[in-house]
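Subject: Structure handover

Hello,

Here is the structure to look through. Notes on what was found follow below it.

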Amino acid sequence: MRHSKLIPEVNAGSMTDIAFLLLIFFLVTATIPKDHGINRMLPKYSEIPTNIPINERNILRIMINNNNEIMLDNEVIALKDLKEATKKFIDNNGDESCNYCNGAKSENASDNPKKAVVSLQTGKQTSYEHFIAVQDELTKAYYELRQTYSQNILKKDVADLSKTDMKKVKDAYPFILSEAITK
């Protein structure tokens with residue numbers, strides 16, 4: 001007579017249920033980080049040539065180097081000072097053609113807001129967070145200039161502007177930002 005040892009089998013039917021419940025638990029309780037992006041409207045396609053010459057005084061060159069230092073026309077500037085420097089450059093009224101500008105009419109800044117171009121360059125190792133912070137400061141500069149225009153010229157708060165008024169404000173201070181290499 002042979003005596004064989006019987007090995008009891010484990011009922012694995014409920015194991016799949018347990019694994020599935022654990023998977024659901026971890027999916028529900030885990031936090032997934034959200035990346036923040038830049039809310040920008042891309043320009044519409046245009047047949048207009050992009051190699052239009054721009055007067056050098058109308059270009060504000062901002063460079064973020066690999067050490068995340070901000071260079072404004074080859075001078076290091078703090079992030080907190082970027083907004084005011086940008087506003088001074090844009091609102092300069094160098095050619096005195098702008099009747100709503102409040103600038104100093106400096107020879108080293110833009111002719112008027114419609115000709116002002118902000119050129120933003122980055123190094124290969126510039127951090128994304130620093131790039132976003134610089135973009136935010138540039139956006140704040142334009143927002144404040146547009147807000148001043150709205151209050152002083154249109155006599156309205158920005159929140160109360162109609163679509164027509166908003167177009168006037170954007171035409172007065174167009175946000176011209178170039179991330180292309182400028183010559």
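The second largest pocket is lined by Leu60, Leu72, Asp73, Ala85, Lys88, Phe89, Asn92, Gly103, Ala104, Ser106, Asn108 and Ala109. A pocket here is an open set of points on a 1 Å grid over the protein atoms alone, where a 1.4 Å probe fits, with protein on both sides within 12 Å along at least five of seven lines; lining residues have an atom within 4 Å of a point. Its volume is about 200 Å³, taken as the space filled by probe spheres set on the points, with grid points joined across faces, edges and corners. The lining has six nonpolar, four polar and two charged residues (Ala, Val, Leu, Ile, Met, Phe, Trp, Tyr, Cys and Pro count as nonpolar, Asp, Glu, Lys and Arg as charged, and the others, Gly among them, as polar). Helix H2 (residues 79–90) gives the most to this lining, with three residues.

This is a predicted model, in which local features need pLDDT of at least 70 and side-chain atom pairs count only at pLDDT 80 or more, while totals for chains, interfaces and linings use all residues. Residues are numbered from 1 along each chain as its sequence is written, and side-chain values use heavy atoms, with hydrogens and water left out.

On the fold: helices (H or I, at least four residues) and strands (E, at least two) are DSSP runs, numbered from the N terminus. Five strands form an open sheet with mixed pairing, in the order E3-E2-E1-E4-E5; two strands pair if DSSP finds at least two bridges between them. Strands E3 (75–77) and E5 (177–178) are at the edges with a single partner strand each, so one side of each has no neighbour in the sheet. E2 (residues 70–72) pairs with E3 in the antiparallel sense over three bridges, and Ile70 stands opposite Ile77 in E3.

His130 is in helix H3. Contact means heavy atoms within 4.5 Å; not counting residues up to four places away in sequence, His130 touches Ile64, Asn68 and Ile70.

The whole structure has 10 salt bridges (a side-chain nitrogen of Lys or Arg within 4 Å of a carboxyl oxygen of Asp or Glu). In the one between Glu144 and Lys83, the closest N and O atoms are 2.8 Å apart. Glu144 lies in helix H3 and Lys83 in helix H2, so the pair ties together parts that are 61 residues apart in sequence.

Regards
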